[in-house]
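Colleague: Could you take me closely through one part of this model, namely the salt bridges, and tell me where the paired residues sit and how covered they are?

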Amino acid sequence: MSLLDSSLWEVIKASFDPAIWKELWGPIGETLYMTVVSSLIMLVFGLLIGILLTITNPDGLVPLKASYTVSGWVINCLRSLPQMIMIILMIPVARLFFGKAYGTNACIIAIAASCIPMYARIVESSLLEIEKGKIEAAQAIGSNNLSIIFRILLPETVPSLIRGFTVSVISVLSMTALAGMFGAGGIGDIAVRYGYQRFQHDRLFACVYILIILVQLIQGIGNLVSKQILKTRNLI
Amino acid sequence: MVNEMETYLKISDLHKTFYPHGKPLKVLEGINLEVDKGEIFGIIGFSGAGKSTLARCINRLETSDSGSIELGGTDILKLSKKELLKERHRIGMIFQNFNLFDSMTVYQNIAYPLQIAGVPKAQIKDRVLETAELVGLTEKLKAHPGALSGGQKQRVGIARAIVTNPDFIISDEATSALDPQTTMQILDLLKEINRKSGITILMITHELDAIRYICNRMAVLEEGKITESGLVRDIFENPNSKTGELFAKVFKLLQNVELTSGGGI
Ligand SMILES: Nc1ncnc2c1ncn2[C@@H]1O[C@H](COP(=O)(O)OP(=O)(O)O)[C@@H](O)[C@H]1O
Ligand SMILES: [Mg+2]
């Protein structure tokens with residue numbers, strides 16, 4: 001059903017038609033798969049790079065000015081690429097890994113490549129929030145840098161890290177919609193194919209509902225977990 | 001005690017320069033200091049005098065330009081990085097802002113230095129419980145620091161500093177964030193720990209009362225130099241430096257207030 005020949009109300013009613021939703025479960029699964037896998041890759045590499053940025057900072061645990069400046073510059077360059085361009089740039093990389101340049105797994109690489117620099121910056125800003133005194137106390141106790149990172153720096157900032165991760169996962173989700181256009185499937189693919197190319201606005205609406213629910217869910221879980229940790233620590 | 005004095009901390013000609021915005025700022029200019037084993041030695045000075053910098057140079061949280069620091073016969077500035085980490089297990093430090101780890105419970109905060117020092121697991125629990133009892137925190141072991149009052153937080157800070165049985169404690173304004181009553185309790189606790197274990201304490205503060213209450217000897221730090229040192233009583237009665245004079249004046253003023261208010265109201 002299209003908005004071109006039906007009223008908004010009719011389209012909304014049609015968007016709840018079980019026949020439409022039956023066809024959406026597959027794409028929802030694909031979207032979730034892409035979001036989860038990309039987010040995990042982003043989490044691992046984002047944390048790693050974020051930690052490296054934080055400790056090589058001139059005021060950090062292992063000041064390395066050259067490395068800090070260069071990696072900061074590279075990250076800024078990657079972050080200034082629009083996501084669409086990142087997908088196109090990643091096509092040869094995906095081909096290298098999977099032998100083909102389209103499909104779900106190929107898009108996961110593009111999504112991760114685009115979101116890792118962003119999440120690394122968010123991690124860095126979370127880690128820099130720690131009170132310097134805590135690091136100093138840990139050093140005065142005789143902790144080595146590894147203990148400071150894994151037993152003080154990360155645990156102390158975990159509520160903020162979780163909030164940053166939540167925001168980033170939502171970015172990943174929105175990027176999966178874009179990746180749908182490059183054969184990755186998923187909700188985004190359906191929305192573009194039916195909503196834009198065939199004017200089936202009832203399907204487009206259904207996709208929008210799903211995306212809204214997913215975003216609310218992710219944000220809700222993130223808020224809940226980080227709040228719960230703060231509560232356990234009696235910080236709120 | 002007086003007859004068997006043995007120097008524990010000996011600082012000679014210590015210099016430290018910072019370079020904020022590239023310009024040199026001399027913060028410590030030839031510090032000489034001797035603290036005896038088992039004493040509570042006070043260092044008083046106004047804000048910005050260089051007290052924290054001096055404290056941080058002793059356990060090498062700050063690298064000094066030149067001079068020497070001997071602590072219990074160990075030349076601190078000559079230690080390798082690895083040796084330094086080990087040496088720090090023998091130096092406790094307490095802070096104005098407590099600097100406790102919010103992600104850990106009180107128990108975990110106190111256990112942390114033992115884990116870092118590689119104490120066997122079986123001994124950790126006993127040692128933590130023993131220390132918690134000494135500082136009066138047995139009831140709070142499962143709480144997180146966020147749930148504690150300022151005084152309780154500093155008790156955790158003290159427990160964390162003494163749990164590895166160090167020979168020396170650096171206290172940098174440990175009571176400056178506390179109300180007068182809590183300050184007294186914390187000072188009493190430090191006194192008790194000093195009496196029981198013979199631990200040497202360097203009490204850095206800008207609070208007159210703290211020094212008067214807990215220290216026998218003291219030094220005055222003024223713009224990066226030790227301008228006088230000796231018995232607390234002597235310095236307050238017969239000050240020879242600007243800072244000493246100022247503190248002595250305030251001290252006499254306070255005494256008069258106490259005398260008049262003691263008799264009057
Ligand atoms: N990391 C630093 N970089 C630059 N200047 C510093 C640094 N730390 C301390 N200073 C300066 O050194 C002086 C002494 O500071 P500090 O030792 O903290 O004094 P105090 O503890 O007696 O108040 C101050 O002028 C302060 O601004
Ligand atoms: Mg200070």
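This is a predicted model: local features need pLDDT of at least 70, side-chain atom pairs count only at pLDDT 80 or more; totals for chains, interfaces and linings use all residues.

Modeller: What follows is a walk through the salt bridges, pair by pair.

Residues are numbered from 1 along each chain as its sequence is written, chains are lettered from A and ligands numbered from 1 in the order in which they are written, and side-chain values use heavy atoms, with hydrogens and water left out.

Chain A has an average pLDDT of 92, and 100% of its residues score at least 70.

Side chains of opposite charge can pair when their charged atoms come close. A salt bridge here is a side-chain nitrogen of Lys or Arg within 4 Å of a carboxyl oxygen of Asp or Glu, and the search of the whole structure finds 18 of them over all chains.

One of these pairs D102(B) with K134(A), at 2.8 Å from N to O. Because D102(B) lies in the loop between strand 6 (91–95) and helix 3 (106–116) of chain B while K134(A) lies in helix 7 of chain A, this pair joins two chains; helices (H or I, at least four residues) and strands (E, at least two) are DSSP runs, numbered from the N terminus. Both D102(B) and K134(A) are buried, where buried means under 20% relative accessible area, exposed over 50%, and partly exposed in between (1.4 Å probe, protein chains only).

Within chain B, E173(B) forms a salt bridge with K51(B), and their closest N and O atoms are 3.8 Å apart. This pair links distant parts of the chain, since E173(B) is in the loop between strand 7 (168–172) and helix 6 (180–197) of chain B and K51(B) is in helix 1 (residues 51–58) of chain B, 122 residues apart. E173(B) counts as buried because its relative accessibility is 9%, and K51(B) counts as buried because its own is 5%.

A further salt bridge, between the side chains of K196(B) and E192(B), has an N to O distance of 2.8 Å. Here both residues belong to helix 6 of chain B and stand 4 residues apart, about one turn of the helix. K196(B) counts as exposed because its relative accessibility is 54%, whereas E192(B), at 26%, counts as partly exposed. Elsewhere, salt bridges that share partners join E131(A), K134(A), E156(A) and D102(B) into one network.

How values were computed:
pLDDT is the predictor's confidence in each residue, from 0 to 100.
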